[in-house]
Amino acid sequence: MSEETLERDPERSTGTHVDAGDAGYSKSLQARHINMIAIGGAIGTGLFLGAGGRLHEAGPALALVYAVCGVFAFFVVRALGELILHRPSSGSFVSYAREFMGEKGAYVGGWLYFLNWGTTGIADITAVAMYTHYWSMFSDIPQWVMALSALAVVLVVNLISVKIFGELEFWFAIIKVAALVIFMLIGIGLLVTGHQVGGYESGPHLLTDNGGFFPAGLLPVVMVVQGIVFAYASVELVGVTAGETAEPEKIMPKAINSIMWRIGIFYVGSVLLLAMLLPFNVYEEGTSPFVTVMTELGVPAAGDVMNLVVLTAAMSSLNSGLYSTGRILRSMAMSGSAPAFTGVMSRNHVPYGGILLTCAVYAVGVGINYMVPSQAFEIVLNFAAIGIIGTWGMILLSHLLFWRRTEQGLLDRPSYQLPWSPWTQIITLAFFAIVLALMWFDEPAGRITVLSIPIIAAALVTGWFCVRGKVAAVTHEKEGS
């Protein structure tokens with residue numbers, strides 16, 4: 001067999017699955033980048049902004065829901081971590097779906113992920129535009145102009161190099177973590193000293209006062225589960241970085257394991273702290289609970305500081321969406337299930353074709369902000385929910401099939417493993433099915449989301465019939481080389 005043949009088809013020479021989309025990337029992401037990307041993926045606007053309304057609705061029991069959902073989110077990323085150690089790939093779960101489910105699995109997983117980030121990105125640029133209008137200096141600038149400006153910034157960052165992306169995400173995560181740490185230190189200090197907050201006596205007694213730990217009963221607690229699951233969206237982002245990391249076998253396990261304790265401290269810990277500083281019914285939807293506490297304390301410019309943090313979280317998400325979809329689309333393009341131009345790589349080792357396609361979708365969001373600025377956020381958010389549930393489901397299914405092959409002696413499991421397989425995957429998939437069922441009872445947004453599933457499924461089936469010929473041709477070419 002010639003060296004040229006081996007170069008074209010390394011899978012033939014090694015006997016292992018190789019993703020053609022992994023070739024050409026630089027290994028520029030360092031341990032500090034990966035660790036902070038892991039943190040950034042686990043901390044977003046779902047906590048900074050969304051926790052206020054949910055705390056008002058569910059009471060102190062919200063901390064329990066964050067803990068339960070956090071465990072299932074960790075199972076997803078832990079399953080992905082084992083697959084990464086099995087074979088690092090910039091195609092991430094799309095590459096693993098291809099290995100264990102074939103091209104149809106890779107096609108479905110990839111386009112569901114694109115649906116997730118395409119719609120999330122539109123929501124993010126809308127959020128950025130809305131957050132900048134908080135300050136009077138930007139209030140006269142049209143919302144669509146601010147959305148376009150945000151998109152231009154992250155596009156340039158992503159097109160330059162992966163190292164610049166990593167640096168920006170590093171500092172975005174630093175801002176989010178620093179804000180939470182400072183708040184928690186202040187909150188703990190208030191509790192220890194017995195300081196009043198807004199005329200209320202703070203302390204652990206607030207966890208059981210005003211109706212108890214479940215003040216409105218169990219039903220409101222169950223109903224907020226769906227929203228909290230989506231607050232953890234992006235934890236899987238760390239898996240996409242594996243193909244651009246020099247030593248993934250050393251860096252990834254540490255980064256992924258750290259997600260669990262960060263969820264415990266930053267999500268569960270901060271919600272418990274919020275519930276002990278003020279009665280749960282003082283918090284309200286649409287206002288950051290952290291701003292509520294600081295405002296009650298009379299801290300000047302508390303709203304400005306927190307608005308900056310939430311703005312940072314939205315920019316971070318937008319930045320991550322361009323990065324991850326660029327890599328996923330390239331993996332798909334190399335097998336024929338995405339447009340060929342999305343597989344093009346720049347001299348700086350950046351898959352700019354996929355990034356530009358995602359940017360074009362985000363530009364639609366700019367148009368939505370121009371036409372219906374007051375409704376832009378709600379219009380697109382529901383579809384992101386289907387995308388993330390589908391993505392996480394594909395990760396778990398891929399791992400389940402991987403586990404089955406290891407049980408058959410066809411593959412070896414790495415030392416870093418998802419515990420209690422296959423029950424962990426089965427129970428987590430069942431949990432996601434329950435989340436979808438709960439969405440049906442959340443009218444009107446949740447029900448619209450569930451009703452959109454057949455439409456999305458029909459679009460995927462139609463798309464497959466359009467690309468299957470090209471996929472077969474690429475596969476035949478590879479087998480014949």
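How many salt bridges does the count come to by the rule used here? It comes to six, a salt bridge being a side-chain nitrogen of Lys or Arg within 4 Å of a carboxyl oxygen of Asp or Glu. The model is a predicted one, where local features need pLDDT of at least 70, side-chain atom pairs count only at pLDDT 80 or more, and totals for chains, interfaces and linings use all residues. Numbering runs from 1 along each chain as its sequence is written, and side-chain values use heavy atoms, with hydrogens and water left out.

**View 1. The whole chain, for orientation.** The protein has 20 helices and two strands; these are DSSP runs, H or I over at least four residues for helices and E over at least two for strands, numbered from the N terminus. Its radius of gyration is 23 Å, close to the 23 Å from the globule rule for 481 residues, so the protein is as compact as a globular protein of that length. That radius is taken over C-alpha atoms, and the rule is 2.2 Å times the number of residues to the power 0.38. Along the principal axes, the C-alpha trace spans about 80 × 50 × 40 Å. Buried residues account for 56% of the 481 (buried is under 20% relative accessible area, exposed over 50%, partly exposed in between, with a 1.4 Å probe and protein chains only).

**View 2. Arg 98 and Glu 103.** Here's a salt bridge whose closest N and O atoms sit 3.1 Å apart, joining Arg 98 to Glu 103. Both of these residues, Arg 98 and Glu 103, are buried.

**View 3. Glu 244 and Arg 327.** These two side chains meet in a salt bridge at 2.9 Å, N to O. Glu 244 is in the loop between helix H12 (237–240) and helix H13 (248–277), while Arg 327 belongs to helix H15 (residues 302–333), so the pair ties together parts 83 residues apart in sequence. Glu 244 and Arg 327 are both buried.

**View 4. Lys 250 and Glu 247.** Another salt bridge brings the side chains of Lys 250 and Glu 247 together, at 3.4 Å from N to O. Lys 250 is exposed, its relative accessible area being 52%, and Glu 247 counts as partly exposed at 36% relative accessibility.
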